Amino acid sequence: MAEGPGRFGLVALLLWAASLVASPALAAGAPLDRGAFTTALCGDGAVQGTAVEGILHASAEAESGDVAWAGTVLRALLERRLTCLGGSALLLDRAGAADGRDAATGAVRPVAGGRAPVLGLRQRALAETASGAASLLTGSGVAARRAGLATLERRITSVPEALLLRAASAETDPGLKVSLAALAQSAALSSADPARRLGAIRAVSESPSGAAFSRLSALKADPAYGSDPAFRGTLDAALARVARAVSIGDGLAVLYNGLSFASILFMAAAGLAIIFGLMGVINLAQGEFIMIGAYATYGVQEAFRRLAPPAWLDAYLLAAIPVAFLAAAGVGIAIEALILRHLYRRPLMSLLATWAVSLLLINGVRVAVGSQNLQFAMPPYVSGGVPLYADFVVTWNRLFAIAFAAVTLVLTLVILKRTPLGLDIRAVTQNRDMAACLGIRTRRVDRLAFGFGSGLAGLAGVALCPIYSVNPGMGATFIVDSFMVVVLGGVGTVVGTLVAALGIGGANVLIEPLYGAVAAKVIVLAGIILFLQRRPEGLFAVRRRR
Amino acid sequence: MVGFTRRGFLGTAATLSAPALIRPAWAADTVKLGCLFSSSGTMANIEGRLNYVVRMAADGLNAKGGVNGRRIEVVTSDPASDWPLYAQIGRQMLQQEKVAALFGCWTSVSRKSVLPVVEQNDGLLFYPLHFEGDENSKNVVYVNSPPASSVLPAVDYLMGAEGVGAKRFFMVGSDYVWPRTINKQLKAYWTSKGVPETAWREEYVPLGFSNFQTLVNQIRSFAAQPGGQPIVVLTVVGSSIPDFLREFANQGIRATDVPILGLDMVEADLEGLDTAPLVGHLNCWAYLQAAKAEANTTFLSEWAAYVKAKGVPFSADTVIDPMVSAYDSVQLWALAAAKAGSFDVPEVRKAFPGLRFADPSGYTLTMGGENNYVARGVFIGSVNEKQGFDILWQSPDAPKPVPFSPYG
């Protein structure tokens with residue numbers, strides 16, 4: 001239903017009648033009655049729906065000038081730039097503009113007192129399809145036509161075949177022509193011609209998905225399935241092919257989900273592994289270092305907004321990497337120098353102290369910035385996704401996190417295994433007293449390692465910005481999972497942390513579809529407890545002397 | 001989070017230090033109102049706002065001379081999204097602070113934990129959220145709607161020809177009493193409409209859950225199955241809402257493919273999200289910011305001015321239903337107390353029947369004599385590009401509330 005429930009009755013009836021008059025006129029290929037069409041768009045949901053459906057079917061034959069015009073009007077309607085005023089509709093250049101052009105006559109008039117209709121879901125779907133059809137038929141660039149085709153592909157069952165044929169015959173771009181032909185072919189599933197139907201079945205199985213499987217399965221109820229062996233054979237082969245592709249796609253999705261969850265766990269836990277392993281400090285403020293990293297990212301974004309040219313804004317996420325690392329490392333080193341230094345070898349005290357620090361940081365940020373979710377302008381490389389195979393979609397934000405985690409892993413290993421600092425850290429981890437005897441300044445190593453561990457958490461903050469909401473309390477979500485990963489992996493080993501993250505992430509993703517997310521957490525936790533009963537030192541234990 | 005979590009630990013320690021969390025207000029010619037809204041934990045972003053709204057309403061009443069000649073003092077607290085702590089602090093407020101009424105709770109689990117406390121102490125709790133119904137305590141005023149006047153009209157809309165003709169339903173909820181009860185009632189409702197059991201699926205996630213990849217995969221394969229138009233009935237709460245929406249949009253599902261009916265989704269949950277790929281998803285409340293009413297314009301400007309004047313750490317341009325309902329709660333209490341000429345709970349309660357208040361939604365709130373429910377209007381909102389909701393449908397009047405669902 002459209003805005004203003006009181007508007008039913010006589011007005012609606014008149015509009016309804018107007019749209020009924022308009023639709024047959026369109027179907028005959030006559031020029032579009034633009035006035036009646038816009039009036040119908042300003043009507044209630046049923047009238048809107050009929051008018052838009054009418055234009056979609058008429059697009060197959062109507063004059064291209066009319067189709068292009070209808071596309072413009074529908075796009076304005078979708079973006080709420082169409083304002084109804086009196087009996088006519090005005091198109092605005094942007095939502096909230098003071099003046100608009102009359103959709104039918106082009107005259108410029110003020111929009112004050114007008115009403116921008118809200119589309120219901122059914123009407124929205126129709127309007128999207130019809131405006132997609134208009135861009136496919138009349139779009140000036142290949143990109144615009146391709147976008148139109150993508151829109152039609154989503155709702156292929158409601159697209160008239162004639163429309164696709166018209167588009168295919170008019171298309172000049174060879175690549176697009178091929179995709180169009182394939183789509184037109186697959187739209188012929190219910191065609192009367194048996195040969196075209198078989199072609200359609202094969203075409204549908206070319207792009208397998210769960211929806212394609214459902215469309216093909218529906219054909220099993222067709223009488224031809226029982227009587228025509230060729231039809232039966234083709235359909236069965238196509239179904240088997242789609243089913244196989246869908247299960248491969250689902251398998252890939254499970255792998256991808258497991259990997260992406262594991263990379264998040266690893267990012268959150270890597271810093272903790274170093275801090276916990278080296279100093280035995282149970283750092284409850286680790287989650288807040290993640291939060292600091294995320295807030296630093298936000299700071300970088302705001303700096304880019306104010307200082308850099310707008311074209312550079314998309315690069316802020318990359319520019320934030322060093323800033324987040326240094327910000328979190330700086331806070332970590334300050335906390336080590338001011339508080340933790342005095343509490344070494346008193347694990348309970350340091351646990352309480354880091355908890356106090358975490359409360360302080362959360363509430364400090366809450367007072368300074370506020371507790372609402374921060375507003376990020378997500379660059380294209382971390383928003384949306386691309387369907388890769390069957391129903392398997394690769395989402396960019398998760399891929400970013402996976403790549404980020406991989407790079408972090410490599411850098412961490414290089415620093416630990418190939419640099420003097422890493423050597424010192426490993427020496428102190430294995431035997432603190434002996435390392436001190438050999439002249440290693442353990443206090444300095446502690447401080448640097450604490451800073452490094454905090455910095456890694458800050459990096460996690462950058463990777464998590466595109467995935468989770470950023471607010472002062474975000475760190476609390478990660479702390480339990482992080483400890484789970486570190487304890488399971490074995491205190492003080494980065495490789496152990498990695499394997500544990502992969503194991504926990506994978507187990508969660510495998511169990512979740514079977515028993516639900518709540519049970520998955522319980523089962524994983526119970527599994528970890530049982531495992532630690534057998535091997536209290538975790539998966540990979542660093543040999544050390546106390 | 002499961003088992004011995006830091007939240008549990010925080011909760012225990014916060015309980016020990018709870019007296020310090022309540023800021024007392026001493027004065028003889030004042031009457032105290034208590035707030036039970038978290039400013040930390042998973043509910044912080046949305047519940048935190050309500051403390052300020054109650055203060056704003058109290059300031060407004062004080063500017064007009066207070067109630068029964070007394071100034072209103074607002075006592076706030078932080079129950080830290082920890083359900084037992086709501087009861088603990090509620091008891092302290094009633095017994096030590098002697099508040100005349102409590103305003104609080106977002107999740108039903110927190111209300112359920114405060115319920116025995118207000119009943120034992122014969123207190124009064126104003127609850128500003130729409131909820132699962134099936135409860136009628138003389139000590140609680142249910143200011144927002146039970147399912148019969150919020151969820152069911154929205155589900156009916158989606159199942160009807162005007163909506164999308166929904167035939168199949170994927171329910172995703174946080175694992176606690178509100179989502180489970182709502183879903184139980186919905187299933188019974190669908191059964192009464194002849195929808196077969198195979199047409200729905202039900203999944204729950206822990207509170208504060210954020211990794212929705214697998215669930216969104218499941219929703220996509222559910223949507224691909226034959227059997228008619230699917231919809232998602234979303235009853236996750238708190239920070240899970242934006243995280244779910246982000247994953248849903250990133251996996252390329254649009255509202256025109258599978259619409260989400262977000263029962264706890266408010267304007268504040270869309271802050272920080274790019275809502276262009278989310279346009280068209282629905283919610284249902286007794287108030288939407290886009291409501292066309294003079295009282296709404298006044299309320300919006302009053303809130304914006306309050307945020308600016310007091311440095312409130314929330315957006316000045318975002319107003320959500322529970323904020324308005326919390327505001328209404330204070331007004332209803334003030335009207336009842338003035339009508340009774342007293343702050344004693346039994347007297348105030350006697351004054352409830354017949355109360356009327358024209359609130360920012362544009363509907364007139366009324367209280368009948370038979371229960372403590374308030375009649376409210378119904379809005380169905382549709383997400384727009386500007387992180388808000390457009391009004392898709394609204395009820396012609398405020399339907400009479402039905403506390404106990406005939407379904408489930």
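Tutor: Some ground rules: residues are numbered from 1 along each chain as its sequence is written, and chains are lettered from A and ligands numbered from 1 in the order in which they are written. As the model is predicted, local features need pLDDT of at least 70 and side-chain atom pairs count only at pLDDT 80 or more, while totals for chains, interfaces and linings use all residues.

Student: How many helices and strands are there in chain A?

Tutor: Helices (H or I, at least four residues) and strands (E, at least two) are DSSP runs, numbered from the N terminus. On that basis, chain A has 22 helices and six strands.

Student: What radius of gyration does chain A have?

Tutor: That radius is taken over C-alpha atoms, and the globule rule is 2.2 Å times the number of residues to the power 0.38. The C-alpha atoms fill a box of roughly 95 × 65 × 45 Å along the principal axes. A compact globule of 546 residues would come out near 24 Å, but chain A has 31 Å.

Student: Which residues of α16(A) are buried?

Tutor: Buried means that 20 or more other C-beta atoms, placed from the backbone, lie within 10 Å of the residue's own. Across chain A, 50% of the 546 residues pass that test. In α16(A), the buried ones are Asn397(A), Arg398(A), Phe400(A), Ala401(A), Ile402(A), Phe404(A), Ala405(A), Thr408(A) and Thr412(A).

Student: What do those buried residues of α16(A) pack against?

Tutor: Think of contact as two C-beta atoms, placed from the backbone, lying within 7 Å. The buried residues of α16(A) pack against elements of chain A and one of chain B: α12, β6, α19 and α21 of chain A, together with α9 of chain B.

Student: Which element gives the most to the side of chain B that touches chain A?

Tutor: The contact takes 59 residues from chain B and 59 residues from chain A. Elements giving two or more residues on the chain B side include α1, α3 and α8 of chain B. With seven residues, the top giver is α8(B).

Student: In β12(B), what is the bridge partner of Arg356(B)?

Tutor: Two strands pair if DSSP finds at least two bridges between them. In chain B, three strands form an open antiparallel sheet in the order β11-β12-β13, and β11(B) pairs with β12(B) over three bridges. In β12(B), the partner of Arg356(B) is Thr366(B).

Definitions and conventions: A residue is buried if 20 or more other C-beta atoms lie within 10 Å of its own, exposed if 12 or fewer, and partly exposed in between; C-beta atoms are placed from the backbone.
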